[in-house]
Amino acid sequence: MGILGPGRVAVAVAAPGAGPGFWAGASSAAFAPDGELVIAYRLRTPDQRGAGIVIARSDDGERLTTIATLDKESFGAESLERPALVHTGGGWRLYISCATPGTKHWRIDVLESRDPEGLAAAASRTVFPGSHTVGVKDPVVRRVDGRWRAWICCHPLDVHGEEDRMTTALATSDDGLDWTWRGVVLAGRPGTWDARGARVTAVLSDGTAYYDGRATKEENFSERTGLALPAGDALSAHDDEPVAAVRYIDIVASPSGERLAYYERPRQDGSHELCVERLTR
């Protein structure tokens, strides 16, 4: 049984090694109008951190064929984290989280290409630079009725050693390149399982969202998933308990209406694998 219902679960990408720090996950998937599924995900090893982003195609959502790989050196980054993949109607965009070397700062760059294979050779442009007080990463980007919305994980950098704290802010745009900040829409709640922070990972068509949270600094990299409901532009945590012991949930619907949920699931040895669940409701 899956974490979101009775749907079937399969491992789409195995952990790149055994033990803590070997991660496959933090994915973002999108369907083209013709039904083609493309997915981008992060691979990490203990000595390489977020070494690269893999872009793959799939006919069934489970068996992935790699078509491009982006390495962190191409972005002058110490690490790459969760991307956001979007089909624009005429091509593809990939928003990538990039760590500034030697700091806790993050920025978000975007790549554009007519086809997903071309993203590996595309020139990058910084669209969310962050600042000396805030690092920005792990975007969720949606294009609806010609308007763009992005939910961005923001890490305050004002207190040394406390940079793992996180909130989610909303930004909007006419073109997906020049953005206007709309403010924090979801934050952790003191005394609860998400007290240390809340990072939106998926937003459904009705505004319902899934988010990662943790109670303490020590739970960094071991986030759990919660559910949040729309409250205007903001989001309101739905319950006092997480709904699943996984992180980076992404839910994508095909042109035919089938829904797939991708998420990063921890293994007993401390590694993480990328799973896909076929949602039946």
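Trainee: How many bridges join strand 6 to strand 7?
Mentor: Six, and the two strands run antiparallel. Strands here are DSSP runs of E with at least two residues, helices are H or I runs of at least four, and both are numbered from the N terminus. Two strands count as paired if DSSP finds at least two bridges between them.

Trainee: Okay, and what sort of model am I looking at?
Mentor: A predicted one: local features need pLDDT of at least 70, side-chain atom pairs count only at pLDDT 80 or more, and totals for chains, interfaces and linings use all residues. Residues are numbered from 1 along each chain as its sequence is written, while side-chain values use heavy atoms, leaving out hydrogens and water.

Trainee: Back to the hairpin, then. Which residue in strand 7 is the bridge partner of Ala-84?
Mentor: That's Tyr-95. Four residues lie between the strands of this hairpin, and Gly-89 there takes a positive phi near 105 degrees.

Trainee: Is strand 6 mostly covered or mostly exposed?
Mentor: Mostly covered, with eight of its eight residues buried. Buried means under 20% relative accessible area, exposed is over 50%, and partly exposed falls in between (1.4 Å probe, protein chains only).

Trainee: Which elements give two or more residues to the largest nonpolar core?
Mentor: Let me start with the core itself: 18 residues, with Ile-55, Leu-70, Phe-75, Leu-94 and Ile-96 having the most contacts inside it. The elements giving two or more residues are strand 3 (37–45), strand 4 (49–58), strand 5 (64–71), strand 6 (80–87) and strand 7 (92–99). Strand 7 gives the most, with four residues. A nonpolar core, by the way, is a set of buried Ala, Val, Leu, Ile, Met, Phe, Trp, Tyr and Cys residues joined through side-chain atoms within 4.5 Å.

Trainee: What does Ile-96 touch?
Mentor: Skipping residues up to four places away in sequence, Ile-96 touches Leu-70, Phe-75, Leu-80, Pro-83, Arg-107, Ile-108, Asp-109 and Leu-111. Contact means heavy atoms within 4.5 Å. There's also a second, separate core of 17 residues, which includes Phe-128, Val-141, Trp-148 and Ile-152.

Trainee: Let's talk rings. How many aromatic pairs turn up in the whole structure?
Mentor: Four. Rings of Phe, Tyr and Trp (its six-membered ring) pair if their centres lie within 6.5 Å; planes under 30 degrees apart are stacked, over 60 edge-to-face, and the rest tilted. Tyr-95 and Trp-179 have ring centres 6.5 Å apart and planes at 75 degrees, so they're edge-to-face. Tyr-95 is in strand 7 and Trp-179 is in the loop between strand 12 and strand 13, 84 residues apart.

Trainee: And how do Phe-128 and Trp-179 sit?
Mentor: Their ring centres are 5.2 Å apart with planes at 40 degrees, so that pair is tilted. Phe-128 lies in strand 9 (residues 125–128), so this pair ties together parts 51 residues apart in sequence.

Trainee: Where does the charged end of Arg-44 sit?
Mentor: Over the ring of Trp-23, 4.5 Å from its centre. Likewise, the charged end of Lys-137 sits over the ring of Trp-106, 4.8 Å from its centre. To count, NZ of Lys or CZ of Arg must be within 6 Å of the ring centre and within 35 degrees of the ring normal.

Trainee: New topic: in what order do the four strands of the open sheet come?
Mentor: 10-11-12-13, with antiparallel pairing. Strand 10 (134–144) and strand 13 (180–186) are the edges, each pairing on one side only. Five bridges join strand 12 (residues 167–173) to strand 13, and Ala-169 has Val-184 as its bridge partner.
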